[in-house]
Amino acid sequence: MYKIRTYNTIAIEGLDQFPRDRYEVASEIAEPDGILLRSASLHELEFPKGLKAIARAGAGVNNVPVQRCTEQGIVVFNSPGANANAVKELVMAGLLLSSRGIYAGMNFAAGMANISSDEMGPMMEAQKKQFKGQELMGKTLGVIGLGAIGSNVANMALNMGMNVIGFDPAISVDAAWRLPSQVQKAENIQQLLGRSDYVTLHVPAIPATQNLLNKDTLATLKQGARVLNFARGSIVNSADMIEALDAGTVACYVTDFPEPGLINRTDVLAMPHIGASTSEAEANCAIMGAQQLVEFIEHGNIRNSVNFPNCELERTTAHRLCFANQNVPKVLSHVLNLLAEQNLNVVDMLNKSRDNIAYNILDLETAPSQAVLDAIADDEQVFHLRSI
Ligand SMILES: NC(=O)c1ccc[n+]([C@@H]2O[C@H](COP(=O)([O-])OP(=O)(O)OC[C@H]3O[C@@H](n4cnc5c(N)ncnc54)[C@H](O)[C@@H]3O)[C@@H](O)[C@H]2O)c1
Ligand SMILES: O=C(O)[C@H](O)COP(=O)(O)O
């Protein structure tokens with residue numbers, strides 16, 4: 001039986017991807033082959049010896065010590081794009097909530113429960129001027145990060161009649177193809193901030209994006225801009241944001257990652273990390289994460305990894321050898337020689353590399369002996385060896 005340890009509440013549609021005759025799936029498993037999780041932090045976890053892979057049912061992997069996983073030969077997956085629509089829809093809500101007196105107006109209306117119907121109408125009409133807002137049409141939205149979510153948001157904003165300016169120095173070719181031609185390209189973040197009435201963040205939490213919005217960058221914002229952060233807390237310096245709110249540089253900060261100083265301000269709309277909290281997104285992410293684990297555990301195929309090369313080979317024999325090695329010359333030929341010495345015929349094979357890691361799938365006509373496996377494992381450039 002393969003063992004999968006879950007963290008957080010994983011959608012049932014995802015758990016159903018593990019055939020129960022071959023998988024034991026639970027939140028309390030001591031020696032798992034795989035981990036399936038959402039936002040639980042694994043930074044303090046000492047990985048059990050047999051752990052082969054971790055699937056993050058979601059986009060951000062800042063809760064997983066990816067570098068340590070790579071060093072230990074553990075493949076880390078995420079589920080790119082699987083919750084992008086959910087976040088896009090909440091960004092749409094954030095744009096509207098930051099523009100109109102919806103929240104304050106609803107609170108005002110809620111306080112009228114004990115007022116007579118004769119008085120209520122005139123009172124509402126007299127007070128509604130407090131809740132006047134502005135329209136989105138014709139305003140400019142700056143999108144920082146144009147990946148799965150950012151490109152969806154850009155499309156949505158164009159459809160709502162907004163102008164869109166984007167900044168993404170590392171945009172992938174696929175993401176660039178997805179982007180509508182009307183999205184203007186900012187040369188740098190300052191240019192985007194200076195031209196935007198609204199700014200929305202869709203970058204990963206990595207060292208390069210830590211405090212991306214800080215005292216200096218916030219100073220280049222258009223006066224009275226609205227800022228939306230559905231990415232991660234570390235991307236915005238909260239103390240600097242509070243100063244920008246106090247100074248009126250930022251008229252409203254909508255954040256899915258509030259900190260104590262941001263709570264209970266009328267110019268902050270704080271949410272408890274609910275960007276991906278829809279039934280649809282939770283199911284999409286869990287299904288993708290679980291399927292990637294099953295493919296990897298049973299067939300060694302790697303799809304949507306954040307630390308290993310993607311490598312998928314349709315299985316042609318019952319004997320598959322998978323191994324990862326440092327991406328240096330002669331390792332593959334050494335392994336092939338070891339197999340040849342034992343008269344083991346390779347029916348099909350695939351070799352892919354990513355940075356300093358190479359990953360190999362070899363379908364063999366007959367099963368490799370333990371002695372061959374030991375000899376391959378003895379190659380000091382080889383790590384993560386499996387015969388499946
Ligand atoms: N609030 C939520 O519940 C929620 C849900 C999903 C994702 N997220 C967050 O949103 C992030 C983005 O998600 P995604 O699915 O769009 O990921 P993605 O990988 O598809 O897109 C991220 C984009 O950011 C770009 N980027 C990286 N560094 C940049 C920089 N310094 N400046 C500008 N662009 C930069 C990348 O090139 C990429 O195009 C995730 O990493 C996660 O932290 C939050
Ligand atoms: O990075 C993500 O996908 C989101 O932050 C979603 O996190 P969650 O799975 O905890 O809702």
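Reply: In this predicted model, helix 3 (residues 84-99) lies across strand 9, strand 10, strand 11 (250-255) and strand 12. The direction of helix 3 is at about 150 degrees to strand 11. Helix 6 (residues 148-159) also packs on the sheet, where it touches strand 6 (140-144), strand 7 (163-167) and strand 9. Helix 6 makes an angle of about 165 degrees with strand 7.

Me: In what order do the seven strands of that open sheet come, and is the pairing parallel or antiparallel?

Reply: Strands of a sheet pair through backbone hydrogen bonds, in either a parallel or an antiparallel sense. Here the order is 8-7-6-9-10-11-12, and the pairing is parallel. Strand 8 (184-185) and strand 12 (268-270) are at the edges with a single partner strand each, so one side of each has no neighbour in the sheet.

Me: How many bridges join strand 9 and strand 10?

Reply: Strand 9 (residues 198-201) pairs with strand 10 (residues 225-229) over four bridges, in the parallel sense.

Me: Which strands make up the open sheet with antiparallel pairing, and in what order?

Reply: That sheet has four strands, ordered 14-15-13-16. At its edges are strand 14 (346-354) and strand 16 (382-387), each pairing on one side only. With direction ignored, neighbouring strands of this sheet are turned by 10 degrees against each other on average. Strand 14 and strand 15 (residues 357-364) are joined by eight bridges in the antiparallel sense, and L350 stands opposite I361 in strand 15. Helix 13 (residues 370-378) lies across strand 13 (319-326) and strand 16, at about 160 degrees to strand 16.

Me: What does UniProt place at residues 320-388?

Reply: The UniProt record, an unreviewed entry, gives "domain: ACT" for residues 320-388. Over that stretch the chain is 29% helix and 43% strand. The end C-alpha atoms of the stretch are 5 Å apart.

Me: How is the protein chain divided into domains?

Reply: The domain assignment gives domain 1 (1-83 + 277-308), domain 2 (91-96 + 135-270) and domain 3 (309-388). The C-alpha centres of domain 1 and domain 2 are 30 Å apart. Contact between these two involves five residues of domain 1 and four residues of domain 2. On the domain 1 side, the touching residues are two nonpolar and three polar, with no charged ones.

Me: Why does ligand 1 lie between domain 1 and domain 2?

Reply: Domain 1 and domain 2 both contribute residues to the shell around ligand 1, so the ligand lies between them.

Me: Which residues come nearest to ligand 1, and which helix supplies the largest share of its shell?

Reply: There are 34 residues around ligand 1, of which G60, G145, G147, I149 and G275 come nearest. The largest share, three residues, comes from helix 6. Helix 3 and helix 6 each supply at least two residues of this shell. By class, the shell around ligand 1 has 20 nonpolar, 11 polar and three charged residues.

Me: Which residues surround ligand 2?

Reply: The shell around ligand 2 is made of R38, S39, G58, A59, G60, N83, G275, A276 and S277. By class, these residues are two nonpolar, six polar and one charged.

Terms used. Residues are numbered from 1 along each chain as its sequence is written. Chains are lettered from A and ligands numbered from 1 in the order in which they are written. This is a predicted model: local features need pLDDT of at least 70, side-chain atom pairs count only at pLDDT 80 or more; totals for chains, interfaces and linings use all residues. Domain bounds come from an automatic or database domain assignment. Two residues are in contact if their C-beta atoms, placed from the backbone, lie within 7 Å. Ala, Val, Leu, Ile, Met, Phe, Trp, Tyr, Cys and Pro count as nonpolar, Asp, Glu, Lys and Arg as charged, and the others, Gly among them, as polar. A residue is near a molecule or strand if its C-beta atom, placed from the backbone, lies within 6 Å of it. UniProt positions are given in the numbering used here, feature names are shortened, and annotations may be inferred rather than shown by experiment. Two strands pair if DSSP finds at least two bridges between them. Axes are lines fitted to C-alpha atoms, for helices over the stretch in contact, and angles run from 0 to 180 degrees between N-to-C directions.
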